[in-house]
Amino acid sequence: MFFTCGPNEAMVVSGFCRSPPVMVAGGRVFVLPCIQQIQRISLNTLTLNVKSEKVYTRHGVPISVTGIAQVKIQGQNKEMLAAACQMFLGKTEAEIAHIALETLEGHQRAIMAHMTVEEIYKDRQKFSEQVFKVASSDLVNMGISVVSYTLKDIHDDQDYLHSLGKARTAQVQKDARIGEAEAKRDAGIREAKAKQEKVSAQYLSEIEMAKAQRDYELKKATYDIEVNTRRAQADLAYQLQVAKTKQQIEEQRVQVQVVERAQQVAVQEQEIARREKELEARVRKPAEAERYKLERLAEAEKSQLIMQAEAEAESVRMRGEAEAFAIGARARAEAEQMAKKAEAFQLYREAAQLDMLLEKLPQVAEEISGPLTSANKITLVSSGGGTMGAAKVTGEVLDILTRLPESVERLTGVSISQ
């Protein structure tokens with residue numbers, strides 16, 4: 001569908017959705033058209049400079065004509081607007097102007113071929129009206145209306161128009177001479193008749209030539225019109241076929257892309273399945289076997305540790321019981337020994353004490369000589385009298401030992417010498 005959106009522009013809307021969206025507002029339901037494509041066509045008035053160079057007129061005289069035409073796409077008439085949309089939708093304003101210009105120029109050349117130079121030159125209004133009428137009847141089928149047409153300029157390269165001016169000047173001069181020479185009327189009349197017959201004969205000859213040229217130009221113009229029409233139809237058919245071919249190519253390209261993407265998806269799925277199987281074979285199964293092995297080893301190690309712990313606990317328990325029994329036995333033996341020693345002490349006080357002293361004297365002697373055995377170096381200082389060397393050290397130790405009984409007697413009251 002199409003509608004006029006401004007004084008100089010029409011908008012064509014195509015491609016409505018099959019299921020248009022619906023909007024509810026204020027208790028009313030509005031169906032919103034889903035527009036897929038919007039195209040605009042210009043309604044501006046176009047000024048065309050229509051030039052026809054060296055066109056042979058009815059008498060075979062080539063002249064050049066320039067006309068000014070004002071045309072526009074009729075937006076008020078829906079039928080004409082629809083025809084214009086069919087013809088020019090998607091074309092620029094320059095392309096529309098070019099088509100209208102070619103049409104006007106063709107009609108202008110055809111009308112020039114049917115008229116004489118004198119008719120075009122003397123009656124420009126008639127020429128303009130004929131071009132306007134013929135062009136309007138043809139362009140209206142395209143949706144274009146001709147607003148105005150004006151003949152701007154006529155010129156030729158053969159000085160034919162200049163000669164027409166001379167003929168008119170000659171006629172005026174002839175009339176003046178006739179008026180001035182009424183007394184010489186007879187001579188003037190004969191002269192004028194002779195000139196007239198001469199001109200008439202010349203004109204008759206030119207007319208016959210012009211008729212032949214006219215027939216040729218008419219046939220040529222008819223053939224040109226037919227050729228241009230067929231050429232235009234062929235161009236339109238070619239453009240239509242090119243558009244259809246492009247559409248088919250695009251559809252096939254889209255289908256190829258769909259197939260390629262489907263194949264890519266299938267290949268990717270196969271690759272994923274292959275990688276999953278490879279992962280299953282290379283990672284998961286070895287990992288499960290390793291896990292099972294580690295679980296078995298862990299369970300065996302756990303059992304071993306439990307058994308070792310139980311064995312160590314049993315060993316510790318038995319060792320503890322043995323040590324406890326040994327300690328108890330030793331304690332009982334020491335207690336029995338102590339008890340017997342106590343009884344002995346009760347019976348043999350001094351003898352028992354002496355026995356204990358004699359038992360401990362070697363330990364006392366060992367403690368006294370211990371520092372000497374662990375010494376790395378001994379320095380002896382003497383005043384100059386007595387022995388020196390190792391005998392001196394031995395003598396000192398023996399002197400300490402000889403004094404030991406006296407020290408024991410003072411401490412315990414037991415005399416070792418007695």
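Helices (H or I, at least four residues) and strands (E, at least two) are DSSP runs, numbered from the N terminus. The model is predicted, with local features requiring pLDDT of at least 70 and side-chain atom pairs counted only at pLDDT 80 or more, while totals for chains, interfaces and linings use all residues. Residues are numbered from 1 along each chain as its sequence is written, and side-chain values use heavy atoms, with hydrogens and water left out.

**Figure 1. Overview of the chain, with nine helices and eight strands.** Of the 418 residues in the chain, 18% are buried (under 20% relative accessible area; exposed is over 50%, partly exposed in between; 1.4 Å probe, protein chains only). Contacts are heavy atoms within 4.5 Å; among those with a separation of 6 or more, 63% join residues 24 or more positions apart.

**Figure 2. The loop between β6 (46–56) and β7 (62–73), which holds T57.** T57 counts as buried because its relative accessible area is 0%. Beyond its neighbours within four places in sequence, T57 contacts I63, M112, A113, M115, T116, V117 and I120. β6 and β7 form a hairpin with five residues between them, and G60 in the turn has a positive phi of about 85 degrees.

**Figure 3. Strand pairing of β7 with β6 and with β8.** Two strands pair if DSSP finds at least two bridges between them. The pairing of β6 with β7 is antiparallel, over nine bridges; L46 has V71 of β7 as its bridge partner. β7 also pairs in the antiparallel sense with β8 (residues 144–155), over ten bridges, and K72 stands opposite S145 in β8.

**Figure 4. Helix α2 (residues 93–114).** The expected span of a helix is 1.5 Å times one less than its number of residues. For the 22 residues of α2 this gives 32 Å, which agrees with the 32 Å between its end C-alpha atoms. Buried residues of α2 include I96, A100, T103, L104, H107, I111 and M112.

**Figure 5. A nonpolar surface patch formed by V199, Y203, L204 and I207.** The patch covers about 360 Å². L204 lies in helix α6 (residues 185–347) and counts as exposed because its relative accessibility is 55%. Patches are made of residues with over 30% relative accessible area and no salt bridge; nonpolar side chains (Val, Leu, Ile, Met, Phe, Trp, Tyr) are joined within 5 Å, and like charges within 9 Å. A salt bridge is a side-chain nitrogen of Lys or Arg within 4 Å of a carboxyl oxygen of Asp or Glu.

Key: Areas by Shrake-Rupley, 256 points an atom, 1.4 Å probe, with all protein chains shown as cover.
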